[in-house]
Amino acid sequence: MKQTAREIFTNKNIHTANHLMPLPHIHDDIEIIYVKEGGCTAVNNGQTYQLKKNDIFFNFPNQLHYYTSYEKDSMFLICIIKPSMLLQYESIFLENTPVSAVVSPPYDKAKKLSVIVDWIVEELKNDNSDIIASYVTLFVGLALKHMEMKNRTTLSDSVSNVILYCSNHYKEDISISKVAKALHLSESYLSYIFKNNLLMNFNDYINSLRIGDAVNMLKYEDYSMSYISDTVGFGTIRTFNRAFQKIHRISPSKYKKTYKSHPNT
């Protein structure tokens, strides 16, 4: 049975922020970034884009991406959602890949999309998940009209299996040797996959998955740092702090304090 929109469209996967994850990461969700103010440098599958106000940055499932070089006072709407959440548009994201990851609509269309974004932000304050789902689907449908597509190049079975295995086991005591053994691959070949397909080493990739979970717990729950550290898979608070600071440049405790004081950051 599929989850309902009320269960899955929440401020955990749709929210505003003034910064984005700088460490390269990959997942099977769609990640959509709308630039409300300012801009930044974004990278998708090795291609660099300069995002400006009203641009829309699409990361299709299993595309490596990250963000750097923010303009002052930037603000983004972030949507990280499953393809199945977008109803009639699901097959577009599963079967295709964009020629360019950035949509820069003409003025009249950009104005309409900006209004829809404002509606989404307003409903996030009221936690109206059904309405948010409708607005996000409308936004995506209008944006896709301005995107040129090509057939998706399927990842090799080995790369797909590595991504899937890590997604299912990153909270555990995982190591590159354990992954290699589970998938019947050599450690050297697995290291090659991370370096050449995922563009990062094994530890950074696992930590990026863990920190993504930790961020949501810091924002929306009131757990202790030790509980969060254990839950997302870090062995010690020290390891958690070090990995978190590498990605977000501040400690998790300071991140939580800042977010609670300024929820739109």
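Let's start with histidine 184, which sits in the loop between α6 (176-183) and α7 (187-196); helices here are DSSP runs of H or I of at least four residues, strands are E runs of at least two, and both are numbered from the N terminus. Its phi is near 60°, a positive value in a residue other than glycine. Histidine 184 is also exposed, at a relative accessible area of 73%, where exposed means over 50%, buried under 20% and partly exposed in between, with a 1.4 Å probe and protein chains only.

A quick word on the source: this is a predicted model, where local features need pLDDT of at least 70, side-chain atom pairs count only at pLDDT 80 or more, and totals for chains, interfaces and linings use all residues. Residues are numbered from 1 along each chain as its sequence is written, and side-chain values use heavy atoms, leaving out hydrogens and water.

Now to leucine 87, in the loop between β7 (75-81) and α2 (90-95). Here phi is near 50°, again positive in a residue other than glycine, and leucine 87 counts as exposed at 57% relative accessibility.

On to a helix pair. How do α3 and α4 pack? Helix α3 (residues 107-126) and helix α4 (residues 129-144) have axes 9 Å apart, at an angle of about 160°; the axes are lines fitted to C-alpha atoms over the stretch in contact, and angles run from 0 to 180 degrees between N-to-C directions. The two helices are therefore roughly antiparallel, the term for angles over 145 degrees.

Residues in contact, meaning heavy atoms within 4.5 Å, include Trp119 and Ile120 in α3, and Tyr135 and Phe139 in α4.

How values were computed:
Parallel < 35°, antiparallel > 145°, perpendicular 65-115°, else oblique.
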